Amino acid sequence: MSDMWAAIPPRGRIVLAMLLALLLVAPAVLDRYLMSVLILIFYFAFVGQAWNIMMGYAGQLSLGHALYAGLGGYVAALLWFYFGIGPWIGVFAGVAVAAAFGAVIGWLGFRFGIQGVYFALLTIAFAEFTRIAFDNMAFTGGPSGLFLLYDEHRAGEWWNLRGGPMLFYYLGLILAAGGALLTAWLSRSRLGYQWLAVREDQEAALSLGVGAFRAKMIAVLISASMTAIGGVFLAFYNNSLFPSQAFEIGRSIEIILAPVIGGLGTIFGPIIGAFILTPLGETLIALTAKFGLDLPGTKAVFYGLTLMIIITLRPDGVWPWLKRLLGLELKP
Amino acid sequence: MNLAIVLNVVIQGVLTGLMYGLMALGLSVIFGVVRVVNFAHGEFAVVAMYATYLLFVGLGLDPLISLVPIAIAFFAIGYVLQITLVHRFVGRSEHEQFILLVGLAIIIVNGLLMIFGPDARPTNLPYSLDSFAIGPLFIDTARVYAAVAALLVSAALFAFFRYTSTGTAIRACADNLTGAGVVGLNVKRLYAVTFGIGLACVGAAGALMVTIADASPSLAQSFTLLAFTIVIIGGLGSMTGALIGGVLIGVSEAMASFFFAPSMKSMFSFALLVAVLVLRPQGLMGRRA
């Protein structure tokens, strides 16, 4: 842990500590709306970090991450809905199911050498398959969705994730910070270096005795588990789940936006990306609503444009550039 | 189980599959030559459907006629898109190409949503309810015309790649890029022509697709996935593979809708896709890399 701290230049340490302190006390002054924006930022920073581990570090392009978030959310919500089992226990079941799916996809992909675009399509196929299955199942509520009733009597039960914005704010902050810490720790571990080796040149890595299959499988399992935790968080925050939203490609793309824009394969990339994108999207909605132009789809068009511009001009994302600009690079 | 009913379902699937095949052909040509994955493929198909709808409502043009101007316009769009934007991404990593075109796809589908709204726009052809009766079989007239048109466009494309010098040059680029550059082929222009041809295919397919579906933004994503599924099943870069894959998926969808539920039809396509990826990754007609 201490060497991770040492890897951040002194200036960066001050900025980071100030930012954390600011976020810790912010709820005292923020209104409900700004809280909800920050909660979304934390969520996207966390699931973005999960995707970042798989794509940014291990180099495996998954476009079906909504599958893991949706499964995690649905499993925990169903346990709560039918048996009254709280999400702190349900999350383990959700993670287990999502990790099992991740294991199947990973095994199929890596055992049979399905790579790049083909692998991406495999992940999409699984997510779409699951979406249709959930649409056709009765006990999940089918296409009309699953609702977690918000009961006033249980409003204070934080141990059942029944609470207001304050609860989800701090939980989101813990998730986002924890995700970043985990990524930082992993990236400096033996496994992290194996991921980089596999990402850069799998043949070379194999010839040096790196177990590429094992390394990639662990990446999928970690990434799927983290995303499932994010899914539980979102399900209990929104109190509703629909197959057409939970497993949609649009949801998977939302997950990849923050790390792509912030910077793939960097620890702060997903966080910076989430902090840039979510407020911009919200501002855009507020602005267009003011001028009566808030047609459905406006925000998505903006996200699409942002993706195209960033990937054309700064394919490495905003963070590496920002880091240089702020002088936060460690002197060699 | 009545054999005639099943045969009806199969024929309907084959006819639909030929349109799917034409759409997938466009994707296959682009990937096979330019090596860029057009993740906005289905979105372009839906744009063509809206164009066909507008030409029909505004000018009373039959889709079989508006197919020609739409294909030409789409060729131009593809040419310009490749020259200005996509060419910068040739040779860059797959995920960067993917994200560029995902961005484009999001803009197209939501742009359509902003302009036309979420409601489906039907093109009510005067002959859309007619059918040919052959013994116990009833075959939709509109579907037969559309399938024949799809076959004709595909045949024209085969002929172009086989017999014209530009077509041969494009094949050379696909086979050996360095070699093509060495003998002095203008790769950048040929790539643009290829992307244009790919979009012309999807434009023509979209125009024909109004005979089986109403134009709606929500179709776009499923068309993209459909095209990818077909191309991978048929074998990436194989033109006959795309057509055969299209027919296979068309029949599988028709059978699944008939025996199970229409909402479950793509589950079978995805199952086929996973099976092909695992058992025969080069696709049915593809050559082993």
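1. Let's start with an open space. The second largest pocket holds about 1,300 Å³ of space. Keep in mind that this is a predicted model, so treat everything below as a description of a prediction.

2. Who sits around that pocket? Its lining counts 41 residues, and the ones nearest the centre are Ile8(A), Leu16(A), Ile267(A), Phe268(A) and Trp319(A). If you want to find the spot on your screen, colour those five and look between them.

3. In chain A, at least two lining residues of the second largest pocket come from each of α1 (2–6), α2 (10–25), α3 (32–57), α7 (165–187), α8 (190–200), α13 (269–290) and α15 (318–325). Which helix gives the largest share of this lining? That is α7(A), with 7 residues.

4. How many cavities of 30 Å³ or more does the structure hold? There are 2. Finding them comes down to a simple idea: rolling a probe the size of a water molecule over the atoms shows where empty space is left.

5. The largest cavity contains about 60 Å³ of space. Its lining draws on both chains: Val117(A) and Tyr118(A) from one, and Leu27(B), Phe31(B), Val37(B), Phe228(B), Ile232(B) and Leu236(B) from the other. Helix α6 (116–135) of chain A gives at least two of the lining residues, and so do α1 and α9 (219–234) of chain B. Polar, charged or nonpolar: how do the residues of this lining divide? There are 8 nonpolar residues, with no polar and no charged ones.

6. The second largest cavity has about 30 Å³ of space. Around it you'll find Asp62(B), Pro63(B), Leu64(B), Leu125(B), Tyr127(B), Ala142(B), Tyr145(B), Ala146(B) and Thr211(B). Two elements of chain B, α3 (63–84) and α5 (141–163), provide two or more residues each. The largest share, 3 residues, belongs to α5(B). By class, the lining of the second largest cavity has 7 nonpolar residues, 1 polar and 1 charged.

7. Helix α1 (residues 3–34) and helix α8 (residues 187–209) of chain B have axes that come within 8 Å and cross at roughly 170°. That angle makes α1(B) roughly antiparallel to α8(B). The crossing of these two helices, α1(B) and α8(B), is left-handed.

8. Which residues touch there? From α1(B), the contact includes Met19(B), Leu22(B), Met23(B), Gly26(B) and Val33(B), and from α8(B) it includes Tyr191(B), Phe195(B), Gly198(B), Val202(B) and Leu208(B). Sorted by class, the contact between α1(B) and α8(B) has 17 nonpolar, 3 polar and no charged residues.

9. Chain A has a pair to set beside that one. The axes of α3(A) and helix α10 (residues 212–238) of chain A come within 7 Å and cross at roughly 165°.

10. The residues where α3(A) meets α10(A) divide into 16 nonpolar, 5 polar and no charged.

11. Helix α3(A) has another partner to look at, α8(A). These two pack at an angle of about 50°, with their axes 8 Å apart. Helices α3(A) and α8(A) are therefore oblique to each other.

12. Here the contact is quick to list. Ile53(A), Met55(A), Gly56(A) and Tyr57(A) in α3(A) meet Trp195(A), Leu196(A) and Arg199(A) in α8(A). The class count for α3(A) with α8(A) is 5 nonpolar, 1 polar and 1 charged.

Key. Residues are numbered from 1 along each chain as its sequence is written. Chains are lettered from A and ligands numbered from 1 in the order in which they are written. This is a predicted model: local features need pLDDT of at least 70, side-chain atom pairs count only at pLDDT 80 or more; totals for chains, interfaces and linings use all residues. Side-chain values use heavy atoms; hydrogens and water are left out. Axes are lines fitted to C-alpha atoms, for helices over the stretch in contact, and angles run from 0 to 180 degrees between N-to-C directions. Helices (H or I, at least four residues) and strands (E, at least two) are DSSP runs, numbered from the N terminus. Angles under 35 degrees count as roughly parallel, over 145 as roughly antiparallel, 65 to 115 as roughly perpendicular and the rest as oblique. A crossing is left-handed if the near helix is turned anticlockwise from the far one by less than a right angle, and right-handed if clockwise. Contact means heavy atoms within 4.5 Å. Ala, Val, Leu, Ile, Met, Phe, Trp, Tyr, Cys and Pro count as nonpolar, Asp, Glu, Lys and Arg as charged, and the others, Gly among them, as polar. On a 1 Å grid over the protein atoms alone, a cavity is a set of points where a 1.4 Å probe fits but cannot get out, and a pocket is an open set with protein on both sides within 12 Å along at least five of seven lines; lining residues have an atom within 4 Å of a point. Grid points are joined across faces, edges and corners, and a volume is the space filled by probe spheres set on the points.
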